[in-house]
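Please look over the sequence and the coordinates before reading on. The report below is meant to be read beside them.

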Amino acid sequence: MELSGSGNVTVASSFRIGDVELLDLNGRSHLRTTVDGLSAALDISSLPAGTYIVRITTSAGTAYKKLVVK
C-alpha cells in the first residue's frame, strides 16, 4: 500500500481496492469511497489539519495507514 500527494492523495495497491475510508483519531469517518481498481485519488483539500487513519479494504484484506494533513 502506498499513499502520496498533498491536496489530493493517491492510494495504490498491488491488490484490487474495494473501499477506502478516512477516519480521524476519534474514529469519525470524514471520507468514504468505493473503488474498483488498483488505485484511487482522494481529495483531502477540505480537511482540517491533523492526523488521520486511512482504512483500505482490498481483495487480500484490510490495511491501515497514517496520513498527516498539514
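## Model and confidence

This is a predicted model, in which local features need pLDDT of at least 70 and side-chain atom pairs count only at pLDDT 80 or more, while totals for chains, interfaces and linings use all residues. Residues are numbered from 1 along each chain as its sequence is written, and side-chain values use heavy atoms, with hydrogens and water left out.

The protein chain has a mean pLDDT of 90, and 91% of its residues reach 70 or more; pLDDT is the predictor's confidence in each residue, from 0 to 100. Helices (H or I, at least four residues) and strands (E, at least two) are DSSP runs, numbered from the N terminus. Where pLDDT is low, the predicted coordinates should not be read in detail.

## Strand pairing

S2 and S3 pair in the antiparallel sense over 11 bridges, where two strands are said to pair if DSSP finds at least two bridges between them. Within this pairing, Val-9 has Leu-42 in S3 as its bridge partner. The two strands form a hairpin with 4 residues between them, and Gly-27 in the turn has a positive phi of about 90 degrees.

S2 also runs antiparallel to S4, to which 7 bridges join it. In S4, Tyr-52 is the residue that stands opposite Asp-24.

## The nonpolar core

The largest nonpolar core holds 15 residues, of which Val-20, Leu-22, Ile-44 and Leu-67 touch the most other members. A nonpolar core is here a set of buried Ala, Val, Leu, Ile, Met, Phe, Trp, Tyr and Cys residues joined through side-chain atoms within 4.5 Å, and buried means under 20% relative accessible area, with exposed over 50% and partly exposed in between (1.4 Å probe, protein chains only). At least two residues of this core come from each of strand S2 (8-24), strand S3 (29-43), strand S4 (50-58) and strand S5 (61-69). S2 gives the most, with 5 residues.

Leaving aside neighbours within four places in sequence, Val-20 is in contact with Val-11, Leu-31, Arg-32, Thr-33, Val-35, Leu-42, Val-54 and Arg-55, where contact means heavy atoms within 4.5 Å. In soluble globular proteins, nonpolar side chains tend to be buried together.

## Salt bridges

The structure holds 5 salt bridges, each defined as a side-chain nitrogen of Lys or Arg within 4 Å of a carboxyl oxygen of Asp or Glu. One of them joins Asp-36 to Arg-16, with the closest N and O atoms 3.3 Å apart. Because Asp-36 lies in strand S3 and Arg-16 in strand S2, this pair ties together parts that are 20 residues apart in sequence. Asp-36 counts as exposed, at 64% relative accessibility, whereas Arg-16 counts as partly exposed, at 45%.

Glu-21 takes part in a salt bridge with Arg-32, the closest N and O atoms being 3.5 Å apart, and this pair links Arg-32 in strand S3 to Glu-21 in strand S2, 11 residues apart. Glu-21 is buried, with a relative accessible area of 9%, while Arg-32 is exposed, with 54%. Glu-21 also forms a salt bridge with Arg-55, for which the closest N and O atoms are 2.2 Å apart. Arg-55 lies in strand S4 and Glu-21 in strand S2, so the pair ties together parts 34 residues apart in sequence. Through shared partners, salt bridges join Asp-19, Glu-21, Arg-32 and Arg-55 into one network.

Asp-24 is found in strand S2 and counts as buried, at 10% relative accessibility. Its side chain makes a polar contact with the side chain of His-30 (3.0 Å); a polar contact is a pair of N or O atoms within 3.5 Å, of which, within protein, one must be able to donate a hydrogen and the other to accept it, and residues adjacent in sequence count only if both atoms are side-chain atoms. A polar atom of the Asp-24 side chain also lies 2.9 Å from the backbone nitrogen of Asn-26.

Thr-62, found in strand S5, is partly exposed, with a relative accessible area of 45%. Not counting residues up to four places away in sequence, Thr-62 touches Arg-55, Ile-56 and Thr-57.
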